Amino acid sequence: MSVRVRRVYDPPEPDDGVRVLVDRLWPRGVSKDAARVDEWPKGLTPSTELRRWYHAGEGSYEEFARRYEAELAEPEAAGLLDRLRGSVREGPVTLLTSAKSPEHSHTAVLVRLLEADRG
């Protein structure tokens, strides 16, 4: 699989390929040198409003994912997602996040969308 998710706090690995930070905020306690981020497309991340809504526990993960997919359909995010799809076609891509549970975050939505394009 050419898309994988890793925590930004983990040290880079040689097979990471293009390292893309998919969080809107820079992770605390990580220097830019240590993170070795190749791209940081902030417009591809959930909006501040959606992120706050989800982290406040006001809705389910399924509703969060639905709302995030709607945001990804907006022109700026859709263009950034297309660019990310191009990177995936060219080689390995590692999505970096500070989320403690990436499988219950926006990164899982991104991976699902990127894998659907490959299938």
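Contact here means heavy atoms within 4.5 Å. Keep that rule in mind as we walk through this model. The model is predicted, so local features need pLDDT of at least 70 and side-chain atom pairs count only at pLDDT 80 or more, while totals for chains, interfaces and linings use all residues. Residues are numbered from 1 along each chain as its sequence is written, and side-chain values use heavy atoms, with hydrogens and water left out.

Start with Arg-19. Its place is in strand 2. Helices (H or I, at least four residues) and strands (E, at least two) are DSSP runs, numbered from the N terminus. Is Arg-19 buried or exposed? Arg-19 counts as buried, because its relative accessibility is 2%. The scale is this: buried means under 20% relative accessible area, exposed over 50%, and partly exposed in between, with a 1.4 Å probe and protein chains only. Leaving aside neighbours within four places in sequence, Arg-19 is in contact with several residues, among them Arg-6, Asp-10, Glu-13, Asp-38 and Glu-39. Arg-36 is also one of the contacts of Arg-19.

Look at Arg-36 next. Arg-36 lies in the loop between helix 1 and helix 2. Its phi is near 50 degrees, a positive value in a residue other than glycine. Most residues other than glycine have a negative phi.

Thr-45 is in that loop too, between helix 1 (32–35) and helix 2 (48–55). Thr-45 counts as buried because its relative accessibility is 5%. What does its side chain reach? The side chain of Thr-45 reaches the backbone oxygen of Lys-42 at 2.6 Å. Not counting residues up to four places away in sequence, Thr-45 touches Val-22, Asp-23, Arg-24, Tyr-68 and Glu-71.

Another loop, between strand 2 (18–21) and helix 1, holds Pro-27. Pro-27 is buried because its relative accessible area is 5%. Beyond its neighbours within four places in sequence, Pro-27 is in contact with Val-8, Tyr-9, Leu-21 and Ser-98. The C-alpha atoms of Pro-27 and Ala-99 are separated by 9.4 Å, with the two residues 72 apart along the chain.

Now follow helix 2. Which of its residues are buried? They are Leu-50, Trp-53 and Tyr-54. Seen down the axis of helix 2, these residues fall within an arc of 95 degrees, so they line one face of the helix. The arc is that of the directions from the helix axis to the C-beta atoms. Helix 3 is part of what covers them. The face turned away from the buried side carries the exposed residues Arg-52 and His-55. Just after helix 2, Gly-57 takes a positive phi of about 75 degrees.

Rings come next. Rings of Phe, Tyr and Trp (its six-membered ring) pair if their centres lie within 6.5 Å; planes under 30 degrees apart count as stacked, over 60 as edge-to-face and the rest as tilted. By this rule the count comes to five aromatic pairs. Tyr-54 and Phe-64 are stacked, at 4.3 Å centre to centre and 20 degrees between the planes. This pair links distant parts of the chain, with Tyr-54 in helix 2 and Phe-64 in helix 3, ten residues apart. Phe-64 and Tyr-68 are also stacked, at 6.1 Å and 15 degrees. Both of these lie in helix 3, four residues apart, about one turn of the helix. Tyr-68 counts as buried because its relative accessibility is 0%. Ring pairs link Tyr-54, Tyr-61, Phe-64 and Tyr-68 into a cluster.

Finally, the core. A nonpolar core is a set of buried Ala, Val, Leu, Ile, Met, Phe, Trp, Tyr and Cys residues joined through side-chain atoms within 4.5 Å. The largest has 23 residues, and Leu-72, Leu-84, Leu-95, Val-109, Leu-110 and Leu-114 touch the most other members. Helix 2, helix 3 (61–72), helix 4 (75–90), strand 3 (93–97) and helix 5 (106–118) each supply at least two residues of this core. A second, separate core of five residues includes Val-8, Val-30, Ala-35 and Leu-96.

Definitions and conventions:
Polar contact = N/O pair within 3.5 Å; in protein donor to acceptor, adjacent residues only side chain to side chain.
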